[in-house]
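Here are a few friendly notes to read alongside the structure. Please keep the 3D view open as you go through the points.

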Amino acid sequence: MEKRIELESRNKSPGEITELILDNCRSTSIVGLTDEFVKLEILSMINVGLTTLKNFPKLPNLRKLELSDNRISSGLQNLTGSPKLTHLSLSGNKIKDLETLEPLEKLSNLKSLDLFNCEVTNVDDYKNKVFELIPSLRYLDGCDK
């Protein structure tokens with residue numbers, strides 16, 4: 001992951017980068033992504049193999065986060081350092097229950113959440129419960145509230 005970040009940075013300093021696409025770069029944890037990426041607005045880590053969000057940096061300007069097709073089952077509290085987050089995709093992860101999603105209620109700007117292909121979608125009355133849990137949410141799995 002560190003090499004990929006270096007490659008995607010194209011000789012810019014971390015403080016200058018607004019978008020980072022790290023899809024398919026194979027890593028079970030977050031390495032090389034630091035609090036220095038203060039201007040980062042869009043981060044994509046699709047199909048990386050992440051099992052944890054431990055070490056997820058505080059990204060004060062992050063608005064869109066793509067974490068689809070990983071193996072994340074917990075640790076969403078690590079996203080609370082990104083208060084401007086409006087779009088979060090966790091589709092295709094190992095999220096099994098509503099308790100796992102509870103830290104997301106602290107993200108008061110979160111408008112869109114994608115949990116497609118996660119086990120949590122099998123919970124009775126799943127959509128209503130998620131909308132109740134995260135009051136700011138407008139879209140869940142691409143469907144309007």
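**Notes on the salt bridges and the overall fold**

1. Start with Arg4 and Glu8, whose side chains form a salt bridge at 3.2 Å, N to O. Please keep in mind that this is a predicted model. Why are Arg4 and Glu8 separated by about one helical turn? Both sit in helix H1 (residues 2–9), and because they are four residues apart there, about one helical turn lies between them. Arg4 is partly exposed, with a relative accessible area of 22%.

2. Next, look at Arg10, which also meets Glu8 in a salt bridge, here at 4.0 Å, N to O. Arg10 counts as exposed because its relative accessible area is 62%, and the cut-off for exposed is over 50%.

3. Which residues form the salt bridge of 2.5 Å, N to O? They are Arg63 and Glu41.

4. Now put the pairs together. Salt bridges with shared partners join Arg4, Glu8 and Arg10 into one network. The count for the protein comes to three salt bridges. As background, side chains of opposite charge can pair when their charged atoms come close.

5. Is Ser89 buried or exposed? Ser89 is buried, because its relative accessible area is 7%, and buried means under 20%. You will find Ser89 in strand S4 (residues 87–89). Leaving aside residues up to four places away in sequence, Ser89 touches Leu65, Glu66, Leu67, Ser68 and Asp114.

6. Stepping back, the protein has three helices and seven strands. From the N terminus on, its elements run α-β-β-β-β-α-β-α-β-β. The radius of gyration is 15 Å, close to the 15 Å that the globule rule gives for 145 residues, so the protein is as compact as a globular protein of that length. Along its principal axes, the C-alpha trace spans about 50 × 25 × 20 Å.

7. Finally, some whole-protein values. Buried residues make up 43% of the 145 residues. The accessible surface comes to about 7,600 Å², and 44% of it belongs to carbon and sulfur atoms. As for charge, the mean positions of the 20 positive and 22 negative charges are 3 Å apart.

Key:
Residues are numbered from 1 along each chain as its sequence is written. This is a predicted model: local features need pLDDT of at least 70, side-chain atom pairs count only at pLDDT 80 or more; totals for chains, interfaces and linings use all residues. Side-chain values use heavy atoms; hydrogens and water are left out. Helices (H or I, at least four residues) and strands (E, at least two) are DSSP runs, numbered from the N terminus. Buried means under 20% relative accessible area, exposed over 50%, partly exposed in between (1.4 Å probe, protein chains only). Contact means heavy atoms within 4.5 Å. The radius of gyration is taken over C-alpha atoms; the globule rule is 2.2 Å times the number of residues to the power 0.38. Accessible areas come from the Shrake-Rupley method with a 1.4 Å probe; for residues, only the protein chains shown count as cover. Lys and Arg count as positive and Asp and Glu as negative; His and the chain ends are not counted. The place of a charge is taken as NZ of Lys, CZ of Arg, CG of Asp or CD of Glu.
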